[in-house]
Amino acid sequence: MSSATESSSANGAASPPETPDVNLPAQETKPAAKPARDKFDFDLFVIGTGPGGEGAAMQASKGGLRVGVAERYRQIGGGCTHWGTIPSKALRYAVTSTMKSLKNPVMREMGFAASPSMEQLNRGTQAIIGRQVSMRQSFYDRNAVPIYRGQARFVDEHTITIDNGEVITAGAFVISTGSRPYRPKGVDFSHPRIFDSDTILEMKDKPGSITVYGAGVIGTEYASMFRNLGIKVNLINTREKLLEFLDDEIIDALSYHLRDQGVIIRHNETMESIEGLDDGVILRLKSGKVLKTDVFLWANGRQGNTDDLGLNSLPIEANSRGQIVVDEHFQTCLPHVYAVGDVIGIPSLASAAYTQGRAAGMHMLGRADGNLRLNDIPTGIYTSPEISSVGATERELTDQCVPYEVGQAQFRSLARAQITGETTGMLKLLFHRETKEILGVHCFGANASEIVHIGQAIMNQPGRQNTIDYFIETTFNYPTMAEAYRVAALNGINRLF
């Protein structure tokens, strides 16, 4: 998990719109798992060490349960650390910071001009991953949680085997095996010019052009990143608009800025065929369009990692995308078997997976309501500029007939943005026009994923403590990007009569 997700995928990001919502509505609560200490090797055994598995393992261990985990990869951390959120965001930072420096008038005046290779831009990624792995290993060591290396498979409802033949029993399980890019039949991913969102990070040479198929979170992030490198980008969207779960004004802003940067966006398109050649990749669309670019990136959906878990030994079934259905406590149809993170579908965020893991751990400990704000998970989309939001959109409030008003702050009017040169973007506050309660926060621009949390904190204050007046009456450091809240609040309050 990306990142939003990213993935835990990418992106550290939110779920691609193509991924179906497989979770059921709130069901009748099943009793929390109550392990019998004298009967099993562990009270809880966690399969997978990504954010969801780590959250569950640490919460349960600190609550006094005997916990063990299994990891099939040679290092812990899951896809979030090794293929999704961390490496993709490290590459994004390298791209944006490098290109910003190269475009700086002072650098140009001094005669600096360069075209960094993909290998150079990725050079620092492994060091970052290494630090993440070392830090996370220390969490397991400090909490005396053993890590078993190898693929875990269920034998029965309380027993698993590891690749080396070791048999382990546990009173409860958490499945946190994550996801991988969905690979449809008919696409040759072994071709050196055809990539998915995992393998694209291994690309050595910078292409002149790329087609990105799938305009969800991962697709838009990579389209934005590659365009910043001066690469010609075709972004193919299978839907009517980009990232439909966002506020319409934010969607429009993203579409405008991607096109302004030179990204060609094609909506309502479906793949007919993909043909890899020695000098490029040809994409044929059902609409009759034919596109050829140097490389091709498939970014259309994710597949849950459940095909080698031995679920055929349990009454648990995964859907066609390998995702597991859970209830509001992340329990499967077996009350003592939980599933969290990308393996259950949206929102497919590393941040959400960790919270879900903790919630599952707390439920096992008898704390069904852990006050973890599971319905208050912000989006974090690392396009350029960033997007982040929490709460309701204008579309949702209008459909619900909620009397709301809007307050906006354009980044170009903020002194801090003028100083840094990051003047593209806006902060948008939605609030109830009668109670002044903040209903939604939407941010588009530099550091949006950080800025949104100020509004999130106030939105979750009880009763009358959640009002737009907080931002009007509070003194913000000057110059800062946080000052956008005061500007937006004043803009909104002036609309009332």
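The side chain of Thr-306 comes within reach of the backbone oxygen of Gly-322, at 2.8 Å. That makes a polar contact, meaning a pair of N or O atoms within 3.5 Å; within protein, one must be able to donate a hydrogen and the other to accept it, and residues adjacent in sequence count only if both atoms are side-chain atoms. The model is a predicted one, in which local features need pLDDT of at least 70, side-chain atom pairs count only at pLDDT 80 or more, and totals for chains, interfaces and linings use all residues. Numbering runs from 1 along each chain as its sequence is written, and side-chain values use heavy atoms, with hydrogens and water left out.

Thr-306 sits in the loop between strand E16 (302-304) and E17. Helices (H or I, at least four residues) and strands (E, at least two) are DSSP runs, numbered from the N terminus. At 8% relative accessibility, Thr-306 is buried; the word stands for under 20% relative accessible area, exposed for over 50%, and partly exposed for in between (1.4 Å probe, protein chains only). Leaving out residues up to four places away in sequence, Thr-306 touches Thr-177, Leu-311, Ala-318, Gly-322, Ile-324 and Val-343, where contact means heavy atoms within 4.5 Å.

Next come the cores. A nonpolar core is a set of buried Ala, Val, Leu, Ile, Met, Phe, Trp, Tyr and Cys residues joined through side-chain atoms within 4.5 Å. The largest one has 47 residues, and Phe-45 and Ile-175 have the most contacts inside it. At least two residues of this core come from each of strand E1 (42-47), helix H1 (51-62), strand E2 (67-71), H6, strand E6 (167-175), E17 and H9, with E6 giving the largest share, six residues. Among the residues that Ile-175 touches are Ile-47, Phe-154, Leu-309 and Val-337. Another core, of 40 residues, lies apart from the largest one and includes Ile-210, Met-225, Val-263 and Ile-387.

Most residues other than glycine have a negative phi, and most peptide bonds are trans. Ala-144, however, has a positive phi near 55°, in the loop between helix H6 (125-142) and strand E3 (147-149), and is exposed at 63% relative accessibility. Leu-243 also has a positive phi, near 40°, but is buried at 0%; its loop runs between strand E10 (232-236) and helix H8 (248-261).

Then there are the cis peptide bonds. One joins Ile-346 and Pro-347, with omega about 10°, and Pro-347 lies in the loop between strand E17 (337-339) and helix H9 (350-364). Another runs from Ser-384 to Pro-385, with omega near 5°.
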